[in-house]
Structure formats: C-alpha cells, structure tokens
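Dear colleague,

I am passing on the structure we spoke about, together with some notes on what was found in it. Please look through it below before reading on.

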Amino acid sequence: MLVCARYVISGALMLAVIAARGGEIPRHRAFWRACLSGVLVLGIGNGCLVFAEVWVPSGVACLIITISPFWMVGVEALLPGGEPLHLPSIVGMLVGLAGTALLFAPDMHTHTFNSGLLGGFLILQLGMAGWSFGSIYQRRQPPGAHPIVIGAVQQLAAGLSFLPLALIFREHPVHWSFRGVAAILYLVMFGSIVGYSAYIFALDRLPVAIASIYPYVNAVVAVTLGWLFYREPFGPREGAAMAIIFTGVALVKRYTRRPVPAPVAAKAVQ
C-alpha cells in the first residue's frame, strides 16, 4: 500500500503538471517501455526494499543496497554494446562501499545473523537486479520524451502495478496518523518527484558508473539529516566515513569515460 500510494500520487501529480504546461507524453511503444522499466525499477526495486525492511533495520538495508552500483555496471558490461568494466571505476566503488560500511558499522554490530537478515538480504538482491535491469533497459531506449516525463510515467505505472497487491494482501491493518501521512507526502515530494526525477535525468546524461553510485551519496544525506533534525551522533567515525565516500565518488567521476552525448528529446518540459 505504501508503494502504491506513493507512486500513484507522485506520478499522477507530475503528469498533470506536464500536461497542463504542454509537455509531450511518450506514445505507443515508448509509453509501454517506460511502464515496463517503471515496474522493474520502482515496483520491483523499491518494492523489495520496502518489504525487506520488515525483516532488517533501515541502516542494515542501506548498507546492503550499496552493492547496487556493482549490479548496474555489471549488467551494463554484460549487455551487447555496453560500457566495459573499467578497473579505476571499480576501485572507486569499492572505496565508496568501504566508507558506507564504516558509516553503518554500529547497525551491523547490534544485529545478529539470522534467517530474517538472510531473507532480507536475498530480497534486496532481487530488488537491486530489478532496479539495474530496468534502469539499463530504459537508458537504451530511443528518447520518446524528456527523461523527467519518462520518470513520471514510470512512477504512475509502478504505483498502479502494486494496486492489486495492496487490495488483495491485507496482512496488517492500516492505522492512519498525521505523522504517517506526513511521511508519505515527504516521500512523494522529495523521494519521488525530486529524488527519482534527478536520478532518471542523471541516468540519461551520465555514464552508468557515475549514475550508479547514488547509494553512497544517499548514505551521507541520511546521516546528515539525522544529525541536523534528530541530533543523532556525529563524530570522528562519521566524518572519516564521509571522507572515504567522497574519495570513492571522486575516483569514479575522475576515471569514468564520458559517453557519446545522446540526442536531445524533441520537446523538453517547459
């Protein structure tokens, strides 16, 4: 229900604004390809993350999904005509992964290895596979519209794909509260409309290796927001971890080759 509500609201709002401003909505095959990639990236990718957090704490889940850059560059390299693996970029990803592991080290120490953690890990691998394949699939499609418009279609498609599941499977009653609704609206605005639009735009413009390292930046943002708004501890370990992460990001950016610029979509969002 969370995935369904979040993406139906964000996708519908974005497409309504795009249509009101005269933006071009993808048609025919481009539309259905965007729907398919949306179900893969947001439906399976984010849906598995939401489900896995029933079993594993969010900090551990954030640490596990930092493996996703290796999924993306691996998928891209294996597909015909993909960007080949580049050793300095892989080294940069490993540095960023080490920094993220240091950042979330306390979460790992407070949880023992059990079947729930194993199940959550396997579900997150499925989610990362869906996110990676869906991202690469959409990246390889001819531009039928502006990337942000494609992202809006993807969000609505992912939300609608979860509607039957939300109606059929009701394992727990939903208790609506102001904080819960505010959290969903926050995810709609900053996680979907702002965050995912930025991701899909970057994926269209940047090499896969650079676009894939967003989980490292997410970890830094999460810790920073926790320190600013919830007074969560921030000490030498957090500072060192962030420095390592930024070093890894800089290495990936420095040693990743830029792709040939893709053709600009016929009509951008006004």
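Which residues have the most contacts inside the largest nonpolar core? They are L42, M72, M93, W131 and Y196, in a core of 30 residues. A nonpolar core is here a set of buried Ala, Val, Leu, Ile, Met, Phe, Trp, Tyr and Cys residues joined through side-chain atoms within 4.5 Å, where buried means under 20% relative accessible area, exposed over 50% and partly exposed in between (1.4 Å probe, protein chains only).

Please keep in mind that this is a predicted model, in which local features need pLDDT of at least 70 and side-chain atom pairs count only at pLDDT 80 or more, while totals for chains, interfaces and linings use all residues. Residues are numbered from 1 along each chain as its sequence is written, and side-chain values use heavy atoms, with hydrogens and water left out.

At least two residues of the core of 30 residues are supplied by each of α1 (2-20), α2 (28-52), α4 (68-78), α7 (115-139), α10 (178-205), α11 (208-211), α12 (214-230) and α13 (236-255); helices are DSSP runs (H or I, at least four residues), numbered from the N terminus. A second, separate core has 11 residues, including M14, I18, A34 and C35.

W131 also belongs to one aromatic cluster with Y196, Y199 and Y214. Leaving aside neighbours within four places in sequence, W131 is in contact (heavy atoms within 4.5 Å) with L40, V41, L42, G45, N46, M72, Y196, Y199 and Y214.

The structure holds 8 aromatic pairs, that is, rings of Phe, Tyr and Trp (its six-membered ring) with centres within 6.5 Å, counted as stacked if the planes are under 30 degrees apart, edge-to-face if over 60 and tilted for the rest. One of them joins F31 and W32 edge-to-face, at 5.2 Å centre to centre and 80 degrees between the planes. F31 counts as partly exposed because its relative accessibility is 27%, whereas W32, at 61%, counts as exposed.

V91 lies in helix α5 (residues 87-103) and is partly exposed, with a relative accessible area of 37%. Although V91 and G248 are 157 residues apart in sequence, their C-alpha atoms are 7.8 Å apart in space.

Finally, L228 is placed in helix α12 and counts as partly exposed, because its relative accessibility is 42%.

Best regards
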